[in-house]
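Q: Could you walk me through reading a sheet and a helix pair? I would like the general idea each time, then the case at hand.

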Amino acid sequence: MVSDKSKEIIKSGIEIQRSQKTPSISMPIKSGIEIQQKSSNEFSSISTPIKSGIEIQRSQKTPSISIPIKSGIEIHQQLDTHKLFCNCPSVLRNDESDFEIKRRLHAVAGESGEIDVAVKHEVLLDKEFIYQGYDTTCLVELDEEPPHLINQEALGIGLQIALLLNCEILPISQIMRKTVVDGSNTGGFQRTVLIARDGYVETNFGKVRIDNVSLEEDSARVVDRKKERVVYRLDRLGIPLIEIGTAPDINSPEQAKEVALYIGDILRSCNVRRGIGTIRQDVNISIEGHPRIEIKGFQDVKMFIPTIKKEVERQKDNIKKKKDLRSEVRNALPDGSSEFLRPMPGVARMYPETDLPLLKISREMINQAKKELPKLRSEIQGDLIKKGLREDEVKILLKRGEIDDFLSLLKLVDEPRFVFKILIELPKEISRHEGKDVLEILTVDVIESILNLIRTGELKKEDVKHVMEEMVRGKSFDDAVKVEKLESEEIEIEIAKLVKEKPGLSVGGYMGLIMQKFKGKVTGKEVNEILGKLMK
Ligand SMILES: [Zn+2]
């Protein structure tokens, strides 16, 4: 039910999951960038020079770097499965909650005996947290029931992403709890498990290593924030996230953008959630002589370069003015600047999750993930263009998230142009004519059935539009197809009558009369065929 709904909404071009982002503390990696991309449509602009199948001409020369920096990215992407440690669906709710609970969190020292600096910062604010729950959340989200075993489907997707990033997969891993005290997790921690490491991606500026790939629980989302009281919704808490952290190998704002787009391409090739708020990206930046700064909350990948450039200027200024330099987390603002969010979390934040066994990833699981490894979107794009689809048409499919449907339909009738027409163009045209939304009627299943009849020769391509129109006007698929067959027989009879009534006309003469009589119901080609038969 959930996937049907999102499919339908994606089809009509509206973006789903307009969740509010919750600033969440990210894992302290050595250094990295994180981008916060708020739009899923970024990839219409993927023709920038990224490593990919269709790539134009990669120049031998390394492109020039505008500003030398040391930077890494961290990306969090929601996976399209149920929650990571319980069976609740990953649906965001905008209706009234079924219940609310109130909690406060208290700081305690970690294993090292110290209270984390970020923890102190939050606790000083002495906040009260309200959590809104639904019938689609359970006791696990409330931290009133132990976590269930890790979601195997999410793990499988995580393995695919790790393989596409050329990572080494860990055969055994300890699920960890990461202290989170902004209230975005009911238990005061977020579960996370490292599944792979030591990968890389190639860029035009050189290789960028992938330090870590982890599976994590998403946090609860903020619905209302006041000084002493924050209201969270539990719907997002526990949605599986894949977290990817690069090494600090990125040397320029341009390279940071390229890496983000390329990893985004890998993610979208796998079974991930789409739409605003489903991918969050952070960037870690430092110039020589300045401690690492993490910038979160990028509204758009396009803001990458301007934001990084502005941050470099800020860091230069800090050094010049001999300010008290410290590592901190900042929030990206729409104009490319950023504001202070909190001190950089320290290392005293992780401890083992004792409610769960060690995570074992078997050889079979890895082999299975390899067997089902998807093609990258950029490769698919190249393949489809080779088969005759135009670039803008491919982009429409990518944007609407219908590449998978398209590819499976292509297995029935291997004509990309025609399949595009009946999947995208005709429904759009009919919707305009009939003045209503037709996607609920002309579903992918219906289109599949139509293509099946075309494949077996039971339906002609030129009749597809009429069948679709009949369905939109209320006929069932079977009736619409039946009528179509009957009508073509009727048309033949009508044409025969006409030829008998008005003998001696030219083909063109009959054609004119017939086309007028059957306005729109019949194509010139069809009439021509029938006339050819009758006038032999
Ligand atoms: Zn649950």
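**Reading a sheet and a helix pair**

A: Four strands form an open sheet in the order β2-β3-β10-β9, with mixed pairing. Strands are DSSP runs (E, at least two residues), helices likewise (H or I, at least four), numbered from the N terminus, and two strands pair if DSSP finds at least two bridges between them. This is a predicted model, where local features need pLDDT of at least 70, side-chain atom pairs count only at pLDDT 80 or more, and totals for chains, interfaces and linings use all residues. Residues are numbered from 1 along each chain as its sequence is written.

Q: Which are the edge strands?

A: Strands of a sheet pair through backbone hydrogen bonds, either parallel or antiparallel. Here β2 (99-103) and β9 (221-225) each pair on one side only.

Q: How many bridges join β3 to β10?

A: Five, and β3 (residues 128-133) and β10 (residues 229-233) run parallel. E128 stands opposite R229 in β10.

Q: How do α10 and α12 cross?

A: Two packed helices are described by the angle between their axes and the distance between the axes. The axes of α10 (residues 416-434) and α12 (residues 464-472) come within 10 Å and cross at roughly 50°. Axes are lines fitted to C-alpha atoms, for helices over the stretch in contact, with angles from 0 to 180 degrees between N-to-C directions.

Q: Which residues of α10 meet α12?

A: I422, L426, I430 and E434 in α10 meet V464, K465, M468, E469 and V472 in α12 (contact: C-beta atoms, placed from the backbone, within 7 Å).

Key. Two residues are in contact if their C-beta atoms, placed from the backbone, lie within 7 Å.
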